[in-house]
Amino acid sequence: MEINKILKNNHGMLLAYDHGFEHGPTDFDERSVDPAWIMDIADSGFFTGVVCQKGIAEKYYNRDKYSVPLIVKLNGKTAFHKDEEPVSLQNCTVEEAVALGATGVGYTIYVGSEHEQTMIAEFAKIEKEAHQKGLIVIGWMYPRGSHVASDTDRDTLAYAARLGLELGADAIKIKYTGDAESFSWVVKSAGETKVFVVGGQKTETAAELYQTASDILRAGAVGLAIGRNVWQAEKPMEVAKKLGEILYG
Ligand code: FBP
């Protein structure tokens, strides 16, 4: 199965690095602003994939040097627009992703937004082409907009997860409810679609992050798609190693 290309012992950890697009370089420091530094972390052996936009992939994902699978994020939006109803449209084709050496593609759907149908339609086209070309398709299923009361509510996340399954995503990336019991319903709702959990803002202590990693596994998720909690850490490799031990055993 294609999905196994980004799993190890049935679990996975993707290093997310599309924040420069989504938030601006505000998340970065002198080290993490450099995509080459991130690629080396991603290729350390602890990650089963690295996620970035096409421009970063073009200039920094050296296929001869790196063995970590590449996931190209095909849509994105900037943080300038604080729209009530967010929309994020395609900026890179599946063909371009293939040419960059991608193993998979990612696409955000703001579930519940008034523009949800536009993103669902775009996602469906991308997915069809990506599957024809043998790529893994990951849906960033983010409930957002004025119709969404809470983006960490169990039933809201379960609905978004279910949408990922119904749309045919191989995997989804989704927020955590905050506890294993409620999150297990989100995972069940995703059926055979694999669930990766978003890292989120850097936690106060590393212990909190490690606890979340083991809780989400207990809930049935395959692992994490994590950014800031790794590359904002003082020692990213230590964090990655510890998370790897939790996730892959
Ligand atoms: P983190 O682990 O750093 O939270 O990254 C996950 C991620 O989905 C990124 O891929 C993306 O850039 C960012 O979060 C989007 O966050 P938001 O839309 O909540 O601002």
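In the predicted model described here, strand S7 (residues 136-143) and strand S8 pair in the parallel sense over three bridges, pairing being assigned where DSSP finds at least two bridges between two strands. Helices (H or I, at least four residues) and strands (E, at least two) are DSSP runs, numbered from the N terminus. Within this pairing, Ile 138 stands opposite Ala 171 in S8. The chain passes from S7 through helix H6 (residues 154-167) to S8 in a right-handed β-α-β crossover, a crossover being right-handed if, with the strands pointing away from the viewer, the path from the first strand over the helix to the second runs clockwise. S8 is also joined by four bridges to strand S9 (residues 194-198), the two running parallel, and Ile 172 stands opposite Val 195 in S9. Both faces of S8 (residues 171-174) are covered, with Ala 171 and Lys 173 on one side and Ile 172 and Ile 174 on the other, all buried (under 20% relative accessible area, with exposed over 50% and partly exposed in between; 1.4 Å probe, protein chains only).

The structure holds six aromatic pairs (Phe, Tyr and Trp rings, the six-membered one for Trp, with centres within 6.5 Å; planes under 30 degrees apart are stacked, over 60 edge-to-face and the rest tilted). The rings of Tyr 17 and Trp 231 have centres 5.8 Å apart and planes at 90°, so the pair is edge-to-face. Ring pairs link Tyr 17, Phe 28 and Trp 231 into a cluster.

Residues are numbered from 1 along each chain as its sequence is written. Local features need pLDDT of at least 70 and side-chain atom pairs count only at pLDDT 80 or more, while totals for chains, interfaces and linings use all residues, and side-chain values use heavy atoms, with hydrogens and water left out.
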